[in-house]
Amino acid sequence: MTNRSVITIDHWIDGRRVANGTDDRAPVTNPATGEQIAEVGLAAAADVGAAVASAATAFAQWRDASLAKRTEVMFRFRQLLDANRDRLAEAITTQHGKVFADALGEVQRGIEVAEFACGIPHLLRGEMTPDVSTSVDAFSVRQPLGVVVGITPFNFPVMVPMWMIPMAIACGNTFVLKPSEKDPAGGMLLAELFSEAGLPPGVLNVLHGDAAAVNGLLDHPDVSAVSFVGSTPIAKHIYQRATANGKRVQALGGAKNHMLVLPDADIGQAADAAVSAGYGSAGERCMAISVVVAVGDVGDRLIPAIVERTNALRIGPGMSAEAVDMGALVTAAHRDRVSSYVDLGLSEGADLVLDGRGISVEGHPGGFWLGPCLFDHVTADMKIYQDEIFGPVLAVMRVETYAEAIELVNSNPYGNGTAIFTNDGGAARLFQRDVQVGMVGINVPIPVPMAYHSFGGWKDSLFGDTHVYGAEGVKFYTRYKAVTVRWPDPSERGVDLGFPQAR
Ligand code: NAD
């Protein structure tokens, strides 16, 4: 039910807040209380048209803005992000549910991409070859694409938009962000900070909405490229529809990330990593570990160590003044879906070692709580192994050998992240070479690449060729052009119908 303290979150178009064109709205809740705190407009065709038109108009000037100007805006934006860390993190926690310290970590990883984008003059440098033929020089440049769209998921409402926006804008494009309708505040704050940093109106627009808004953007003739991050079925849809419309697309999908623990691993470190990566952000991370593959006799030693650490976790409101490790799940519907997988796992015959269903948090009866759940003896034919659950449900699978373990990972349709825990350098080397996964950690459970590398999975975790941010981000948001120049000697004349060759 809507109450009086519910605020309306508008679109950000042409450098100002713009109300939705229709009364179509979605509720935004605080996961720790279960209360509706905001409503967000769901864009219809006219709103989509206005956002794209604003970005298309702004492109004409922004593509010609000097690198000095673009860099100046980016440096100011970076400073504003730094000064507004707490505000951004609070917006994340209040609508997503993750704990404040974790939200601060998310903000930091976003800031790092803005810092990388500050180096855009260096990143956009082309190559030049003089004298490729007599009086002829050749050089290459990378030019912006035009209006670029970013469609982002609920689980990183600041960091994932930041994977895209600074890179796209620094490269000279204009941008329309369609954030998740579940936690839209983070995207709006980024737009306000960019505006304060001096970004001209229209270069960054934020359009709220659901499938209708997304499909409107995918079909719009003035949109040149689409960056998407979200679940695999939607990523596939985005890729197919947008490429059919002739757009450049990178669509990052879901995940099922395996963590191998070899018999020689430090069990304490492996248990720390499994608990941190399995239950951090209540498992709502695309790089969360959801499957621990215990090799040889590891399971009997590892499970008690995981249980001991998990039992010490404090669950509560993300903004609590007291220390909490894990917050609420994003919505009641998502909590119920994750919880139903625990029921399913039991009926499939897995051993439920820890059951987080039905937990209560004092003073917060309406929150979307689900405590950590741990399954042992999970097998590859079970749905709880095959599906992305995206919650605090960790599965332990037991295999006899390393060969079985890598076969398991490589047979899985997802290929986002993976990790191996071992003290055997040779085994780790084999693993990083042979595993069919885009991001690999060796004794590192959540190997999210730094801003100067690039992020992306393989197989059903990424549709398209290019990973996000870093050098791959520059490549995605620009188009290559080769220029051949002749400033002839005035004495040289003559028609030549032959195919150009160096002479
Ligand atoms: P989602 O796929 O439901 O939504 C992502 C975006 O797509 C949202 O903006 C949403 O409004 C839009 N959308 C939803 N349904 C749509 C439809 N039918 N047509 C068009 N657009 C639609 O994902 P989510 O639940 O917000 O986020 C969680 C998912 O994102 C998980 O699967 C997670 O693994 C994935 N994820 C992946 C990465 C990665 O880097 N690979 C990073 C973060 C999250």
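Which residues have the most contacts inside the largest nonpolar core? The legends below start with that core.

This is a predicted model, in which local features need pLDDT of at least 70 and side-chain atom pairs count only at pLDDT 80 or more, while totals for chains, interfaces and linings use all residues. Residues are numbered from 1 along each chain as its sequence is written, and side-chain values use heavy atoms, with hydrogens and water left out.

**View 1. The largest nonpolar core.** The largest nonpolar core has 73 residues. A nonpolar core is a set of buried Ala, Val, Leu, Ile, Met, Phe, Trp, Tyr and Cys residues joined through side-chain atoms within 4.5 Å; buried means under 20% relative accessible area, exposed over 50%, and partly exposed in between (1.4 Å probe, protein chains only). Phe77, Leu81, Trp163, Ile169, Phe175, Phe455 and Tyr477 have the most contacts inside this core. Helix H6 (residues 159-170) gives the most to the core, with ten residues. Helices (H or I, at least four residues) and strands (E, at least two) are DSSP runs, numbered from the N terminus. Domain 1 (7-253 + 461-482) and domain 2 (257-442) both contribute residues, so the core lies between them. A second, separate core of 60 residues includes Val307, Leu370, Ile406 and Phe431. In soluble globular proteins, nonpolar side chains tend to be buried together.

**View 2. The two domains.** The domain assignment gives domain 1 (7-253 + 461-482) and domain 2 (257-442); such bounds come from an automatic or database domain assignment. The centres of domain 1 and domain 2, taken over C-alpha atoms, are separated by 31 Å. To the contact between them, domain 1 gives 22 residues and domain 2 gives 25 residues. Contact means heavy atoms within 4.5 Å.

**View 3. Helix H2 against helix H6.** Two packed helices are described by the angle between their axes and the distance between the axes. The axes of H2 (residues 67-83) and H6 come within 10 Å and cross at roughly 155 degrees. Axes are lines fitted to C-alpha atoms, for helices over the stretch in contact, and angles run from 0 to 180 degrees between N-to-C directions. H2 and H6 are therefore roughly antiparallel to each other; angles under 35 degrees count as roughly parallel, over 145 as roughly antiparallel, 65 to 115 as roughly perpendicular and the rest as oblique. From H2, Arg70, Met74, Phe77 and Leu81 meet Met162, Pro166, Ile169 and Ala170 of H6. The residues of this contact divide into seven nonpolar, no polar and one charged. Here Ala, Val, Leu, Ile, Met, Phe, Trp, Tyr, Cys and Pro count as nonpolar, Asp, Glu, Lys and Arg as charged, and the others, Gly among them, as polar. Not counting residues up to four places away in sequence, Leu81 touches Leu88, Ile111, Ala114, Met162, Leu190 and Leu193.

View 4. Helix H4 (residues 100-117) and H6 pack at an angle of about 10 degrees, with their axes 8 Å apart. H4 and H6 are therefore roughly parallel to each other. Residues of H4 in the contact include Glu106, Arg109 and Ile111, and those of H6 include Met159, Trp163 and Met167. The contact divides into eleven nonpolar, one polar and two charged residues. Val160 is also in H6 and counts as buried, at 1% relative accessibility. Val160 and Glu106 are 54 residues apart in sequence and 9.0 Å apart in space, C-alpha to C-alpha. Not counting residues up to four places away in sequence, Val160 touches Thr152, Pro153 and Val229.

View 5. Leu462 is in strand S22 and is buried, with a relative accessible area of 9%. Leaving aside neighbours within four places in sequence, Leu462 is in contact with Ala251, Leu252, Gly253, Gly457 and His467. Thr466 lies in the loop between S22 (462-463) and helix H16 (470-476). Thr466 is buried, with a relative accessible area of 14%. Not counting residues up to four places away in sequence, Thr466 touches Gln250, Glu472 and Phe476.

**View 6. Two loop residues with positive phi.** Ser281 has a phi near 55 degrees, a positive value in a residue other than glycine. Ser281 is in the loop between helix H10 (267-279) and strand S14 (289-295) and counts as buried, at 5% relative accessibility. For His377, phi is near 55 degrees, a positive value in a residue other than glycine. His377 lies in the loop between strand S16 (373-376) and helix H13 (383-386) and is partly exposed, with a relative accessible area of 38%.
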